Amino acid sequence: ASGVAGAAQIESDKLTALGMTVDAIGNAPAAINAKENTIYQVSKTAKAKTVEKLSKLYSATPKVVTSVSGVTIGEDTDYVIILVEANTSATGNTTTQ
């Protein structure tokens, strides 16, 4: 548990309000020991407006990767966000258009 009830859902709602599609939400895998908000770009192409929005929201620059340990990535997923709150994590897979 994240220790912050509903943190991932709250962030999902924020992203949806910004016009993004959230594929999935949940707790970050134990393999990810994030100490700060982390954004992974898993699509081959960066989307400039999305990068700008996510970077502002989470004070992080997307890291380009092909996979994220312990995270199932859908074929339409562009970004995976690891949100850190009080030494705990929540994650969301984000698809943008």
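Here are some friendly notes on this predicted model, point by point.

1. **Ground rules.** Because this is a predicted model, local features need pLDDT of at least 70 and side-chain atom pairs count only at pLDDT 80 or more, while totals for chains, interfaces and linings use all residues. Residues are numbered from 1 along each chain as its sequence is written, and side-chain values use heavy atoms, with hydrogens and water left out.

2. **Overall layout.** The protein has 2 helices and 5 strands, where helices (H or I, at least four residues) and strands (E, at least two) are DSSP runs numbered from the N terminus. Read from the N terminus, the order of elements is α-β-β-α-β-β-β.

3. Of the 97 residues, 44% count as buried; buried means under 20% relative accessible area, exposed over 50%, and partly exposed in between, with a 1.4 Å probe and protein chains only. The protein exposes about 5700 Å², and carbon and sulfur atoms supply 51% of that area. Accessible areas come from the Shrake-Rupley method with a 1.4 Å probe, and for residues only the protein chains shown count as cover. Among contacts (heavy atoms within 4.5 Å) between residues at least 6 apart in sequence, 64% join residues at least 24 apart.

4. **Leu 15.** This residue sits in helix H1, which covers residues 7-17. Leu 15 counts as buried because its relative accessibility is 4%. Its C-alpha atom is separated by 8.7 Å from that of Leu 54, a residue 39 places away along the chain.

5. The structure holds 2 salt bridges, a salt bridge being a side-chain nitrogen of Lys or Arg within 4 Å of a carboxyl oxygen of Asp or Glu. One of them pairs Glu 11 with Lys 14, with the closest N and O atoms 3.1 Å apart. The two residues are 3 apart in helix H1, so about one helical turn separates them. Glu 11 is buried at 13% relative accessible area, whereas Lys 14 is partly exposed at 40%.

6. **A salt bridge between loops.** Asp 78 forms a salt bridge with Lys 47, and their closest N and O atoms are 3.4 Å apart. Asp 78 lies in the loop between S3 and S4 and Lys 47 in the loop between S2 and H2, so this pair ties together parts that are 31 residues apart in sequence. The two side chains also make a polar contact at 3.4 Å; a polar contact is a pair of N or O atoms within 3.5 Å, where within protein one must be able to donate a hydrogen and the other to accept it, and residues adjacent in sequence count only if both atoms are side-chain atoms. Asp 78 is buried, with a relative accessible area of 7%, while Lys 47 is partly exposed at 25%.

7. **Asn 37.** You will find Asn 37 in the loop between strand S1 (21-27) and strand S2 (38-41). A polar atom of the Asn 37 side chain lies 2.9 Å from the backbone nitrogen of Val 84, and one lies 3.4 Å from the backbone oxygen of Tyr 58. Leaving aside residues up to four places away in sequence, Asn 37 touches Tyr 58, Ala 60, Ile 82, Leu 83 and Val 84.

8. **Ser 59.** Please look at the backbone here. Most residues other than glycine have a negative phi. Ser 59 is not a glycine, yet has a positive phi of about 50 degrees. Ser 59 belongs to the loop between helix H2 (48-58) and S3, and is exposed at 70% relative accessible area.
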